[in-house]
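Let's take a friendly walk through this model, starting with a pocket and moving on to the charged side chains. Please keep the 3D view open as you read.

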Amino acid sequence: MSVAGPPGSVMDRDEVDRALVRLDAEHEAIETSLLALQDHAGRRLLEGAKLTGTTQERWLAAERQIALLWTYFDAYAGTLRTAREVRERRRWPNREDLQELTRLLRGQSVTVAGGSASGAAPSITGPAKLTEHFTLEELVTRMNDLYAHSLDMVVAADAVWSALPARIDLLAAELQRTRRLAHSVGVRPGEHPSGDDLERITRELAALREQVVSDPLAFWQPAQGSSAPGGGRPGTDRYDHAARALEDVRREIDAVLTVRQDAEARLGRLRDVLSRADRTLAEARSARGEVLAKIAASEVPAVSGPPTALQEQLAMAADYRRNAQWHRLSPLLESLEEKAEDELLRARESLTAVTAPLAVRAELRGRLDAYKAKVARHGLAEDPFLIERYDAARRMLWSAPCDLRVAEQAVLRYQQAAADALAQRVPQQGGPTDRRGEA
């Protein structure tokens with residue numbers, strides 16, 4: 001948005017009308033962004049969670065920032081409404097009307113009570129002025145800064161909550177299965193080093209999950225050089241260490257099993273493969289529900305249930321071992337091992353196929369933000385046409401359910417508009433170019 005003109009000059013009627021059109025579009029875009037932030041799943045989770053540490057501190061600040069954002073927005077909307085009322089007094093505004101409109105649209109016409117005391121980067125916790133005065137453009141810059149800071153915190157917390165607790169729970173479930181298996185072969189705390197390791201991993205996972213839930217930002221690793229909200233990834237160092245430790249214990253238990261009869265070891269491996277296949281299928285079924293809820297107009301393959309025939313054959317193999325029917329057990333184990341690996345592969349392929357739409361949506365989001373950053377680097381961040389195309393694509397990608405086909409076309413339209421705008425940077429030096437007709 002740009003309503004700047006020569007210092008002290010009075011805007012004419014056409015300048016006023018063009019400025020009001022741009023401001024109305026900007027008002028709608030800002031309101032859409034604020035409502036999206038208000039409805040963000042991460043923000044709702046933060047409101048209801050019992051937070052500690054870094055997350056508690058930053059969320060308290062973010063809550064004040066979000067409240068201040070709405071205060072600024074109300075003031076912005078009020079000034080814009082006043083300007084619209086002045087413009088609608090008469091078809092041909094007189095000089096007094098134009099002077100008033102120039103003051104509203106270009107001057108420090110927005111008064112905010114109890115604002116921040118700082119400049120472009122306000123401090124929510126700093127000493128506050130009784131009132132602050134802004135131009136509309138200054139207020140938009142202030143709101144953009146506050147919005148980006150608040151959204152960054154919300155997106156980061158939501159990303160950690162979406163990634164780590166579920167992985168920790170899966171690892172904890174795997175740990176419990178490993179503990180039962182270890183106990184069955186005599187690997188117990190105080191009697192075997194791996195039994196002590198299992199107790200230590202159990203305590204670590206419990207503590208890790210509790211901290212992740214209450215202080216997710218302690219596990220957030222911001223991306224170096226990224227200024228986009230939510231730029232970064234969840235830190236998984238502690239989780240990865242626990243997973244590696246559990247895998248080491250499993251290898252030790254396998255060694256113990258190998259010392260025993262070969263048949264028992266092979267039966268244990270079969271149970272493990274089928275268990276992983278069942279869990280993968282369960283994860284695929286859960287993911288399919290998420291995809292159907294979040295992605296529209298997408299063909300999501302059905303997920304089959306666990307193979308009961310393999311479980312029945314596995315039970316038969318165990319019965320053969322108990323009754324020392326080795327001549328029957330050996331060919332059955334060979335057949336089961338091949339079928340179990342095939343079943344695990346099928347389950348993984350099913351999970352990959354089911355989650356493909358989410359991967360496509362993530363790729364489109366990344367592409368959209370990459371083009372937005374490129375446009376910003378070339379000084380076109382405030383181009384109303386590009387803003388309109390970007391907001392249209394973003395609303396589609398961040399809505400639920402998301403129509404991937406329509407969203408992809410919206411991203412392509414934004415990319416084309418951005419490419420056209422960048423190509424026209426040189427011609428624009430000789431005069432403005434209206435790209436709406438081309439669209």
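The domain bounds used here come from an automatic or database domain assignment. Keep in mind, too, that this is a predicted model. With those bounds, domain 2 (162-222 + 229-256) and domain 3 (283-423) each give residues to the lining of the second largest pocket, so the pocket lies between them.

How much space lies in that second largest pocket? About 740 Å³. Its lining is made of 30 residues, and Glu-174, Asp-272, Arg-276, Arg-279 and Arg-348 are the closest to its centre. If you trace the helices around the second largest pocket, those that give two or more residues to the lining are H5 (136-184), H7 (237-259), H8 (262-294) and H10 (326-377). Helix H8 provides the largest share, with ten residues. Sorted by type, the lining holds 16 charged residues, twelve nonpolar ones and two polar ones.

Side chains of opposite charge can pair when their charged atoms come close. Taking a side-chain nitrogen of Lys or Arg within 4 Å of a carboxyl oxygen of Asp or Glu as the rule, the model has 16 salt bridges.

Begin with Glu-199 and Arg-179, whose side chains meet in a salt bridge at 2.5 Å, N to O. This pair links distant parts of the chain, with Glu-199 in helix H6 (residues 193-214) and Arg-179 in helix H5, 20 residues apart. Glu-199 has a relative accessible area of 26%, so it is partly exposed, and Arg-179 is likewise partly exposed at 26%.

Helix H6 also reaches out to helix H7. Here Glu-204 forms a salt bridge with Arg-238, and their closest N and O atoms are 3.0 Å apart. Glu-204 sits in helix H6 and Arg-238 in helix H7, 34 residues apart, linking distant parts of the chain. Glu-204 counts as partly exposed at 28% relative accessibility, and Arg-238 is partly exposed at 31%.

Now stay within helix H7 for a local pair. Arg-251 and Asp-248 form a salt bridge whose closest N and O atoms are 2.2 Å apart. Both residues lie in helix H7, three residues apart, which is about one turn of the helix. Arg-251 is partly exposed, with a relative accessible area of 47%, and Asp-248 is partly exposed at 40%.

Look back at the pocket to finish: Glu-174, Asp-272, Arg-276 and Arg-279 are among the lining residues closest to its centre.

Terms used
Residues are numbered from 1 along each chain as its sequence is written. This is a predicted model: local features need pLDDT of at least 70, side-chain atom pairs count only at pLDDT 80 or more; totals for chains, interfaces and linings use all residues. Side-chain values use heavy atoms; hydrogens and water are left out. On a 1 Å grid over the protein atoms alone, a cavity is a set of points where a 1.4 Å probe fits but cannot get out, and a pocket is an open set with protein on both sides within 12 Å along at least five of seven lines; lining residues have an atom within 4 Å of a point. Grid points are joined across faces, edges and corners, and a volume is the space filled by probe spheres set on the points. Helices (H or I, at least four residues) and strands (E, at least two) are DSSP runs, numbered from the N terminus. Ala, Val, Leu, Ile, Met, Phe, Trp, Tyr, Cys and Pro count as nonpolar, Asp, Glu, Lys and Arg as charged, and the others, Gly among them, as polar. Buried means under 20% relative accessible area, exposed over 50%, partly exposed in between (1.4 Å probe, protein chains only).
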